[in-house]
Amino acid sequence: MKAKQKQKSMLSTLLTILLLTLTVTSCVDNEKKEYNDAADITASREMIAELTSPPNVPRGVGKRKAKKLIVNMEIIEKEGTMTDGTTYMYWTFGGSVPGSFIRTRVGDEVEFTLSNHPDNKLPHNIDLHAVTGPGGGATSSFVAPGHEKKFNFKTLNPGLYVYHCATAPVGMHIANGMYGLILVEPHGGLPKVDKEYYIMQGDFYTKGENGDPGLQPFDMQKAVDEDADYVVFNGSVDALTGDNAITANVGETVRLFVGNGGPNLVSSFHVIGEIFDKVHVEGGSTINENVQTTLIPAGGAAIVEFRVDVPGTFILVDHSIFRAFNKGALGMLKVDGEENKTIYSGVVQEGIYNPEGGGIQEMPIDDTAEVATSISNKSLAEKMESGKQIYMKTCFACHQVEGQGIPNAFPPLAKSDYMNADVNRAIEIVLKGKTGEITVNGKKYNSVMTRQAISNDEIADVLTYIYNSWGNNKTNVTKSQVDQVKDGH
Amino acid sequence: MKPFLRLTICILFIWTNSVNCQSKMVEIKGGTYIPLYGRDSLKVTITDFQMDVYPVTNQDYLEFIKKYPKWKRSQVKKIFADDNYLITWKSDSKLGANQSLLAPATNVSWFAANDYCKCQGKRLPTVDEWEYAAMADKTLPDARKLKSYNAYILSWYEKPKTFNNDIGTTFKNYWNVYDLHGLVWEWTSDFNSVMISGESRKDVDKDSNLFCGSAAIGANDLMNYAAFMRYAIRGSLKAKYSMKNLGFRCVKDSNKKL
């Protein structure tokens with residue numbers, strides 16, 4: 001009996017020792033998890049990476065551990081639409097420009113397979129700026145059509161990185177759309193936000209000028225001269241406008257992963273009517289706050305975050321502004337929700353400004369009536385001349401020199417069924433502005449035109465100019481018509 | 001006298017026969033030129049040779065396979081041809097639905113192409129020979145400086161699925177050779193002698209021949225950028241690879257020299 005008891009106590013001691021050692025080892029294990037070097041992070045398990053085409057972004061890494069991440073990327077050379085009536089032979093990673101978004105975390109061991117579609121004509125490779133190693137993977141991934149190459153790398157530095165093709169002529173491969181973004185999140189992931197989008201700017205060089213129809217081939221000389229015909233977000237002029245606009249609701253925080261593929265131009269990324277609360281400068285770890293415009297180098301990126309407080313359409317641009325309005329670097333963020341008049345009031349009061357004294361006064365109706373009689377007998381030629389001047393001052397920035405507008409952003413005034421259908425409606429829009437969806441020549445536009453601060457007489461002239469140009473119905477708009485519309489409401 | 005006559009007849013017979021079953025060849029007169037990757041010190045001299053007027057067609061290749069079953073898709077040794085070998089064919093002896101008998105034979109490995117030419121008593125052209133014949137346009141033996149010449153080559157890069165087109169649908173060049181540009185890439189015997197490492201930017205400071213070509217891709221040298229693509233595709237190949245856009249033609253040394 002006693003012997004048995006002794007045996008039992010011995011057994012329990014043994015057990016305790018065993019338990020102790022177990023706890024000690026597990027303690028050591030825990031300590032080990034605070035790695036000093038990202039290279040030491042162990043990757044557990046395998047996972048197939050979710051890849052998304054722009055403007056979508058894969059789910060965040062959250063709290064997941066470092067893993068062996070399988071990335072399968074296919075290279076496809078295919079014809080796509082640059083803008084209405086113009087196509088281009090794009091070379092793509094994953095079928096889109098920019099290429100598929102890759103989302104990883106620090107310590108992931110990425111197994112990257114690059115396949116080159118058999119129908120393709122050219123060999124390609126990939127240089128990921130997130131790779132630490134010669135060529136960023138380019139040397140190991142050079143692949144002929146109908147073949148694939150596999151290589152591995154470990155993500156060591158958190159940040160947002162560009163990847164691109166680096167096969168000769170490198171510039172041409174990039175100019176044809178071979179770039180994209182790979183995100184390496186820090187341990188624990190980026191803070192949660194409500195909406196995330198993927199936007200990448202690129203410049204394109206075509207044989208024809210901007211807007212020339214048909215399949216436009218790449219122009220090496222223009223690329224060398226850095227004379228871009230198109231500067232666009234997400235590979236085409238209308239990738240982020242109209243129905244393709246990105247969306248958010250009032251009160252939400254929006255995070256944009258913005259890259260710049262180049263090949264040549266540096267982007268001055270700006271969202272009209274927003275201030276970036278946070279910018280991960282150059283996609284790295286430095287966070288700048290309250291930024292209006294952030295510079296994104298070719299082959300670089302930035303993460304911008306902002307809370308949207310008021311509804312409306314916010315225009316994303318490269319603030320090298322001719323690129324935005326003349327070459328396509330324009331996108332839209334549509335925000336739905338309640339207005340907040342404290343943050344943004346809209347027009348509260350309008351008046352005339354008289355620097356000689358008097359301060360702000362209401363527009364004196366009698367005076368304009370008097371002026372009206374005095375100049376109402378202007379000839380059509382005079383009205384055309386004055387109308388043209390007003391147009392070039394006030395209207396052309398959006399509606400363009402020939403009244404052609406900008407596809408998906410600003411409706412055309414040339415041969416415009418919408419204009420020709422109703423003169424009074426046109427007058428009213430110039431007087432009061434216009435918000436919301438309209439259909440012009442069979443295309444939908446959902447944009448904002450502010451009321452124009454020009455006199456009734458000037459409105460009559462500019463509308464007469466528009467109606468007598470570019471194939472419109474030659475209405476001669478008089479000032480009294482404008483007065484009537486104004487007083488009628 | 002009699003045996004001599006018999007021999008002549010015999011030779012004549014063999015000769016006509018070989019002309020019948022072999023594709024037409026034309027004489028390319030040799031010369032000296034500076035290839036894409038060269039400098040003055042690297043001039044290349046080409047001796048006279050004969051070149052197939054057209055790339056080898058699907059029909060030619062079907063006949064070849066009938067004679068040499070070891071090149072059937074089902075029987076080919078894996079070290080001589082990868083899985084893409086004749087992959088678009090319906091079977092060992094039937095083309096795919098959309099394939100024309102007169103379209104160039106593609107998805108053929110270097111080993112197969114090399115053997116094909118050998119069996120015809122010919123060989124694959126060297127890179128230098130191929131480039132020499134291909135720098136001609138319709139009227140000039142060396143049109144590399146011409147804008148129209150380069151534009152033609154470059155426009156091909158934008159045209160999808162040209163491998164389905166029949167031979168002879170592009171232009172006849174100065175040497176009376178068709179389809180060197182605008183149809184498919186073509187195998188050369190020493191395709192991998194000019195190596196691109198796959199990291200073309202690195203090639204720039206390597207002491208290899210090609211880096212000069214890569215460095216020369218500048219405003220004044222657009223011709224290089226059209227040609228560079230060919231060197232890039234050759235650099236990406238291995239001898240067992242087969243590709244949809246890659247065919248071949250044969251050459252042989254000129255008879256005159258014999």
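User: Which residue stands opposite A:Ser267 in strand 18 of chain A?
Analyst: The model is predicted; local features need pLDDT of at least 70, side-chain atom pairs count only at pLDDT 80 or more, and totals for chains, interfaces and linings use all residues. Residues are numbered from 1 along each chain as its sequence is written, chains are lettered from A and ligands numbered from 1 in the order written, and side-chain values use heavy atoms, without hydrogens and water. Strand 15 (residues 267-271) and strand 18 of chain A run antiparallel and are joined by 4 bridges (strands are DSSP E runs of at least two residues, helices H or I runs of at least four, numbered from the N terminus; two strands pair if DSSP finds at least two bridges between them). In strand 18, the residue opposite A:Ser267 is A:Ile296.

User: Why is one side of strand 13 and of strand 18 of chain A left without a neighbour in the sheet?
Analyst: The open sheet has 5 strands in the order 13-21-20-15-18 in chain A, with mixed pairing. Strand 13 (246-249) and strand 18 (293-296) of chain A each lack a neighbour on one side because each stands at an edge, with a single partner strand.

User: Which residue's side chain makes a polar contact with the side chain of A:Thr87?
Analyst: A:Thr87 lies in strand 3 (residues 86-93) of chain A. Leaving out residues up to four places away in sequence, A:Thr87 touches several residues, including A:Gly80, A:Met82 and A:Leu215 (contact means heavy atoms within 4.5 Å). A polar contact is a pair of N or O atoms within 3.5 Å; within protein, one must be able to donate a hydrogen and the other to accept it, and residues adjacent in sequence count only if both atoms are side-chain atoms. At 3.0 Å, the side-chain partner is A:Glu79.

User: About how much area do chain B and chain A bury between them?
Analyst: In this interface, 34 residues of chain B are in contact with 34 residues of chain A. Buried area is the accessible area (1.4 Å probe) that two parts lose on being put together, summed over both. Of the total, 62% is on carbon and sulfur atoms, and the area is about 2800 Å².

User: Which residue of chain A meets B:Lys244 in a salt bridge?
Analyst: The rule finds 2 salt bridges across the interface of chain B and chain A (a side-chain nitrogen of Lys or Arg within 4 Å of a carboxyl oxygen of Asp or Glu). With an N to O distance of 2.4 Å, the partner of B:Lys244 is A:Asp119.
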